[in-house]
Structures are given as C-alpha cells and as structure tokens.
Amino acid sequence: MSKRQPVRGTHDLLPDEYRRFAHVVETARDVARLYGYREMATPIFEFTELFARSIGETTDVVSKEMYTFNDRGNESLTLRPEYTAGICRAFISNGELAQQLPLKVFAAGPMFRYERPQKGRQRQFHQIDVEVLGAPEPGADIEVITLAADILERLGILDRCVLKLNSLGDPESRQAYRRVLYDYYCQHESRLSEDSRSRLQRNPLRILDSKDDGDKAVNALAPSFTDHLNAASREFFTAVKGGLTAAGIPFEIDPALVRGLDYYTHTAFEFVTTHIGAQGTVLGGGRYDGLIEELGGPPTSGIGWAGGIERLMMLANEPAPLPRPVVIAPLGAAAEAKVLGIARALRRAGIAVEQDYRGTMKRRLQRANKLKARAVVIIGDDELAKGVAQVKDLDSGAQREVALDRLAAALDG
C-alpha cells in the first residue's frame with residue numbers, strides 16, 4: 001500500500017507549526033479588539049453566484065481557480081476563495097446588522113483556490129480579514145491601514161514591509177479613466193494577450209491586473225489613474241495620505257496598484273516584502289463602496305483587507321514559549337489514584353501539569369527532562385501517609401517536602 005499523503009496543495013499543521021499559526025491569529029485578534037472590531041464567521045461554502053458577482057466572472061479566480069460543485073439538491077456551491085463577499089452577504093442576509101453601522105468586523109479561517117502551490121500559498125490556505133461597512137469617510141481607510149500596520153508591528157514584520165498606496169477615484173473618475181484606458185489599449189490591441197483582448201470590450205480595467213508578460217509591457221506605459229482623478233477624489237486621497245502621515249505610517253505611491261472591478265473606489269493598498277523571495281504581498285485591500293449594492297443590498301460603503309496567515313507565519317517573530325510544565329510522578333497504586341485529583345487541582349490553579357501513565361522513576365525523570373519540565377512532584381506511600389509531596393526543582397536539582405494543601409502555592413510561577 002502506498003503512503004497516505006495530503007491532497008496536493010494542502011498540508012497538515014503539526015503542533016509546532018500550529019503554535020506559530022495560532023500566534024498570528026491571536027495577535028491579529030488582540031489588536032483588532034483594541035480598535036473595537038468584533039469577530040464573526042461565515043460559512044466555508046456559499047452559492048457560486050455570490051463569488052461570480054463579487055470577484056468578477058472574467059477574473060482568473062472565478063474562471064480557473066474556484067472549487068465549485070453541485071450538491072445533492074443540484075445547487076452550485078463554491079468553497080470560499082476570499083472573505084469579503086461572504087461578509088457582505090451576511091450583512092444583507094441579517095437585517096439587524098444594518099442597525100449597527102459602521103460595522104467593524106474581524107475574521108480568520110481557511111480559503112480555497114485551485115492554483116499552482118507555491119511558497120506561502122497552498123490550495124487550502126488561511127487568511128485574517130478586517131472589514132468596515134457603512135463608513136464612507138477617509139477616516140475608515142486610515143483606520144484599517146493603521147490596524148494592519150499595528151498587527152504587522154506586533155508580529156515583528158512591519159520593518160520588513162513597504163506600504164504601497166494608490167487611489168482608484170470615485171465612480172465619475174473611474175468612468176473617465178476607463179474611456180482613456182480603452183483608447184490606449186485599442187492602439188496596442190495586437191500586443192495584448194488573448195484574455196486581455198476579450199476583456200477590452202467588457203472591462204478594460206481588468207487588463208491592468210494581468211500577469212501576462214506582454215500585457216505587463218503594455219501596462220507599463222498605460223495612462224495613470226492618479227492623472228484622471230476629479231477634485232473630490234483628489235481631496236479624499238489627500239485626506240488618507242495626511243492621516244497616515246499623522247499616524248506615523250510611511251507609504252509609497254504606486255500607480256500600478258489597481259483593482260479592475262467597477263465597485264472598487266478610492267483607496268487601494270498593499271504591504272509588500274522581499275523577505276520571502278521575490279516581492280510578495282503580505283496583506284492587501286481597498287475600498288469597495290459599490291459591492292453590497294452589486295450583490296443586491298442597499299447602497300453601503302465598505303473597506304477592508306486580508307492577509308495570508310501562511311505568509312505571515314514565515315515572517316513573524318517567534319511566539320512566546322509554552323509554559324514549562326510540572327510532572328507528577330506517583331509511586332504505587334494508591335498514589336496513582338490520589339494524583340488524579342491533585343493534578344486537576346493544580347491545573348485549575350493555572351499550572352501546566354503532565355502525568356505519566358507508567359514507567360520507573362528513572363524513566364519518568366528522563367521524560368520530565370525531555371518535556372523541559374521545571375519540577376517533578378513525587379508522591380509515594382510514605383508521602384501519602386504524611387500528606388506531603390517531594391518537589392524536585394529540575395533547574396537547581398534541589399528537592400524539598402511540601403504539604404499537599406500548599407502544593408499549588410509552592411509551584412505557582
């Protein structure tokens with residue numbers, strides 16, 4: 001029989017790796033709480049139409065990468081490839097959320113995309129996600145970027161990242177830019193890839209997202225979005241830049257940072273790094289004021305970002321070590337029974353306790369050293385008769401007798 005292996009593009013999070021995984025999630029969760037964000041969760045699968053409408057039917061994610069299947073009721077369902085669409089759907093589905101605007105939420109969980117597995121990105125991957133709904137002001141843009149920076153800083157990553165920033169303008173600016181961009185691409189249509197030529201009539205802005213090398217060469221000389229912003233859009237972008245400067249967060253303007261779908265407006269941003277090989281995005285997002293209306297909900301502004309947990313794990317500082325345990329080593333059947341209650345009492349007092357199920361005292365002490373235990377509690381018939389335990393400090397080697405009712409206090413800290 002061949003060895004059992006995980007499906008390509010998935011992998012097991014073993015205990016040591018999961019500790020780093022949990023460190024990223026818990027750090028992000030703690031910082032988000034400081035900003036007043038509440039945690040929520042959405043289903044891992046949704047109706048396929050949701051992602052087709054929110055991500056765009058012409059995108060590679062929808063056309064090539066989604067895990068889509070028909071269930072037994074012949075409904076087309078898709079494993080979620082990103083968080084934003086599901087959170088917006090939840091806002092539309094649960095009417096009480098409309099009474100809580102601005103709605104500030106945090107989420108973390110698995111995503112699924114069928115793409116070539118690579119460093120820091122698998123077919124099942126995980127993201128942390130932040131969304132703010134119902135806040136059209138530039139202050140929301142500043143806050144979500146500041147929140148991202150604070151998470152990266154606490155993880156020890158921020159000093160190895162650069163914040164890239166751009167403005168996509170309001171719908172009026174976007175329409176004006178779209179016309180200019182269409183005229184430009186028409187002049188270079190023969191140099192575009194087949195995918196981009198098909199997008200030219202439907203949505204020329206999607207060509208800006210192309211990964212094709214020929215398209216990239218054409219895009220390098222394309223008109224800049226920032227040159228076609230109206231006064232209101234320039235004012236909005238100025239407010240965002242000013243707020244980030246006041247918060248002490250440096251940034252670089254990147255005219256190539258765009259989002260092709262029409263519901264994206266104003267701010268687009270990414271934190272990028274070169275510390276995981278070629279330049280890679282660690283965390284990115286933007287404003288999507290038209291998305292909820294596109295999905296059939298009321299006109300509601302939105303801005304958010306997502307960060308890949310696997311990539312963050314590769315860059316994050318080492319999590320705090322687990323508390324060193326105390327090992328209880330009973331000698332004899334009577335002690336074996338007695339220590340069950342003792343171990344539970346110590347754990348209820350907040351002390352990490354490991355229990356051995358068998359073995360000589362020598363083997364138990366060897367295991368205690370392997371576990372990097374700080375102390376061993378030895379209890380035999382003599383100790384039971386006296387109501388005490390022998391506590392051996394494994395750092396100093398010192399051993400002392402401690403009354404059982406004082407054991408938790410003696411081991412505290």
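The model is predicted, so local features need pLDDT of at least 70 and side-chain atom pairs count only at pLDDT 80 or more, while totals for chains, interfaces and linings use all residues. Residues are numbered from 1 along each chain as its sequence is written, and side-chain values use heavy atoms, with hydrogens and water left out. Helices (H or I, at least four residues) and strands (E, at least two) are DSSP runs, numbered from the N terminus. A search of the whole structure finds 14 salt bridges, and a cis peptide bond joins Leu-101 and Pro-102.

**Packing of helix 6 and helix 7**

- Two packed helices are described by the angle between their axes and by the distance between the axes.
- Helix 6 spans residues 171–187 and helix 7 spans residues 194–202; the two pack at an angle of about 140°, with axes 10 Å apart.
- Axes are lines fitted to C-alpha atoms, for helices over the stretch in contact, and angles run from 0 to 180 degrees between N-to-C directions.
- That angle makes helix 6 oblique to helix 7; angles under 35 degrees count as roughly parallel, over 145 as roughly antiparallel, 65 to 115 as roughly perpendicular and the rest as oblique.
- The crossing of helix 6 past helix 7 is left-handed, a term used if the near helix is turned anticlockwise from the far one by less than a right angle, with right-handed used if clockwise.
- Helix 6 makes the contact through Arg-178, Tyr-182, Tyr-185 and Cys-186, and helix 7 through Leu-200, Gln-201 and Arg-202; contact means heavy atoms within 4.5 Å.
- The residues of this contact divide into four nonpolar, one polar and two charged.
- In that division, Ala, Val, Leu, Ile, Met, Phe, Trp, Tyr, Cys and Pro count as nonpolar, Asp, Glu, Lys and Arg as charged, and the others, Gly among them, as polar.

**Backbone geometry**

- Most residues other than glycine have a negative phi, and most peptide bonds are trans.
- The cis bond between Leu-101 and Pro-102 has an omega of about -5°.
- Pro-102 belongs to the loop between helix 4 (84–93) and strand 5 (103–112).
- Asn-74 has a phi near 65°, which is positive in a residue other than glycine, and sits in the loop between strand 3 (68–70) and strand 4 (76–79).
- With 59% relative accessibility, Asn-74 counts as exposed; buried means under 20% relative accessible area, exposed over 50%, and partly exposed in between (1.4 Å probe, protein chains only).
- Lys-372 also has a positive phi, near 60°, and is found in the loop between helix 13 (361–370) and strand 14 (375–379).
- Lys-372 counts as exposed, at 60% relative accessibility.

**Salt bridges**

- Side chains of opposite charge can pair when their charged atoms come close.
- A salt bridge is a side-chain nitrogen of Lys or Arg within 4 Å of a carboxyl oxygen of Asp or Glu.
- Arg-19 is in helix 1 (residues 15–34) and Glu-318 is in the loop between helix 11 (309–315) and strand 12 (326–330), so the pair ties together parts 299 residues apart in sequence.
- Arg-19 is partly exposed at 26% relative accessibility, whereas Glu-318 is exposed at 54%.
- Arg-19, Arg-20 and Glu-318 are linked in a network of salt bridges.
- Glu-252 and Lys-164 meet in a salt bridge at 3.0 Å, N to O.
- Glu-252 lies in strand 8 (residues 252–253) and Lys-164 in strand 7 (residues 162–167), so this pair ties together parts 88 residues apart in sequence.
- Glu-252 is partly exposed at 38% relative accessibility, and Lys-164 is buried at 17%.
- Lys-386 and Glu-401 meet in a salt bridge at 3.0 Å, N to O.
- This pair links distant parts of the chain, with Lys-386 in helix 14 (residues 381–386) and Glu-401 in strand 16 (residues 399–403), 15 residues apart.
- Lys-386 is exposed, with a relative accessible area of 55%, and Glu-401 is partly exposed, with 44%.

**Burial**

- Glu-115, in the loop between strand 5 and strand 6 (124–133), is buried, with a relative accessible area of 16%.
- Apart from its neighbours within four places in sequence, Glu-115 is in contact with Glu-65, Arg-121 and Arg-123.
- Helix 4 is mostly covered, with seven of its ten residues buried; these are Thr-84, Ala-85, Gly-86, Ile-87, Cys-88, Ala-90 and Phe-91.
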